[in-house]
Amino acid sequence: MELLTIGAFARAARLSPKALRLYDELGLLAPARVDPLSGYRLYSPDQLDRARLVAWLRRLGMPLARIRGVCELAPADAAAEVRAYWAQVEADTAARRSLASFLVAQLSGKDSTMTVTLRYAVRTDQGLVRDSNQDVGYAGERLLAVADGFGARGEPLSTMAIDALTRLDTVIPAGELLNALADAVHRAGAAVGEYLSANPGDECSGTTLTAMVLSGSRLGLVHVGDARVYLLRGGRLFRITHDHTVVQSLIAEGRLTEEEAVSHPERSMLVRALHGKAVEPDLALHDALPGDRYLLCSDGLHTVVPEADLREVLASEGEPEEATRRLVELANAGGGPDNVVCVVADVVPG
């Protein structure tokens, strides 16, 4: 088969010779042969498919190091990897979209001056199986938070994580909200790490942490783990957090369906939590509209009670206190296999 010069191959692949030289240097696309006298790179027509794949992945914004891995996979596995990458891009884009909207409004002088307040209730329950309760919740005028400890030392760790956030239950300018949340979670993570170092054990222990802080008409969200935040707006229930679990990663990659995840043996295995090592939390900004109702809850509730039942309780109960009571009753009616913590908060005009 006749080899192509780098110029001819570049035209066929719709790439530049400069890009081909870079891909060669990085080990992504080596020439079929290099002329020993002139040093010219020569390519086989059979390499066009790989060259085009690399070009397409670059247009998606995929890092070159990850592209190298995709190119070595079988087609089905490569497709799954691209799907997983794009799911993460979309999640990151959604998180940045609300921040961009906030910045545009603030910088253009169109930021809303409306203020709202929260009417709230928090409830925790040991459940019917566990020997202790490692779930902790907090609800205040501006801060809503839940933490779910795990492992032999989970109980003090969840309390420690909530304690690290309580100073946020005060007036925080909207422009400082996400930084304040990130700093608080890093403080919580450091406290957890210090405790685990001082109290070593054989099994992994840690805690999840999910919280919202109100500033003006915006709620800042920080999230690590598999607790969830739901929003009831206009009669519809939306989940606004992403579980940091093995099965959620498999769902995002298209390797598992939501139905299969319910009975998966690793459905509770976390890929992100506060457990003594550095972790980056999810951060987002949300508009708080009068009439909204938020639910923050641990997996002891959302893995037992179907979303349809969560929506029914949140939509039908007038007071947050009564809603939390009914939600815990439903979890225990479903066997109460785990501790439960839930916070219900209504957004009302200030």
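Colleague: Which residues does T208 touch, not counting residues up to four places away in sequence?

Modeller: The model is predicted: local features need pLDDT of at least 70, side-chain atom pairs count only at pLDDT 80 or more, and totals for chains, interfaces and linings use all residues. Residues are numbered from 1 along each chain as its sequence is written, and side-chain values use heavy atoms, with hydrogens and water left out. A contact requires heavy atoms within 4.5 Å. With residues up to four places away in sequence left aside, the partners of T208 are V146, A147, D148, F150, V224, G225, D226, A227 and L270.

Colleague: Is T208 buried or exposed?

Modeller: T208 sits in the loop between β7 (206-207) and β8 (209-215); strands are DSSP runs of E of at least two residues, helices are runs of H or I of at least four, and both are numbered from the N terminus. Buried means under 20% relative accessible area, exposed over 50%, and partly exposed in between, using a 1.4 Å probe and protein chains only. Because its relative accessibility is 1%, T208 counts as buried.

Colleague: Why is β9 largely enclosed by the rest of the structure?

Modeller: One side of β9 carries R218, G220, V222 and V224 and the other L219, L221 and H223, all of them buried. Strand β9 (residues 218-224) is therefore largely enclosed, the number of its residues that are buried being 7 of the 7.

Colleague: Over how many bridges does β9 pair with strand β12?

Modeller: Two strands pair if DSSP finds at least two bridges between them. With β8, β9 pairs in the antiparallel sense over 7 bridges, and M212 stands opposite L221 there. These two strands form a hairpin with 2 residues between them, where G216 in the turn has a positive phi of about 65 degrees. With strand β12 (residues 282-287), where R218 stands opposite D287, the antiparallel pairing of β9 has 6 bridges.

Colleague: What are the edge strands of the open sheet of 5 strands?

Modeller: The sheet has the order β4-β14-β13-β10-β11, with antiparallel pairing. An edge strand pairs on one side only, which here applies to β4 (116-125) and β11 (236-239).

Colleague: What is the bridge partner of V122 in β14?

Modeller: Strand β14 (residues 340-349) runs antiparallel to β4, and 10 bridges join them. Within β14, the partner of V122 is V343.

Colleague: How far apart in space are Y120 and A345, C-alpha to C-alpha?

Modeller: Y120 is found in strand β4 and, with a relative accessible area of 32%, is partly exposed. Its contacts beyond four places in sequence include P320, V344 and A345. Although Y120 and A345 are 225 residues apart in sequence, their C-alpha separation in space is 4.1 Å.

Colleague: At what angle to β4 does helix α12 run?

Modeller: Axes are lines fitted to C-alpha atoms, for helices over the stretch in contact, and angles run from 0 to 180 degrees between N-to-C directions. Helix α11 (residues 307-316) lies across β10 (228-233), β11, β13 (293-297) and β14, at about 55 degrees to β10. Helix α12 (residues 320-333) lies across β4, β13 and β14, and its angle to β4 is about 30 degrees.

Colleague: Which residues in α3 do F9, A12 and A13 in α1 meet?

Modeller: These three residues belong to α1. Their partners in α3 are L48, A51 and R52.

Colleague: Which residues does S44 touch, not counting residues up to four places away in sequence?

Modeller: S44 is found in the loop between β3 (41-43) and α3 (48-60). Its relative accessible area is 11%, so S44 is buried. Outside four places in sequence, S44 touches M1, L3, F9 and A32.

Colleague: What percentage of the residues in the chain are buried?

Modeller: The chain has 12 helices and 14 strands. Of its 350 residues, the buried share is 43%.
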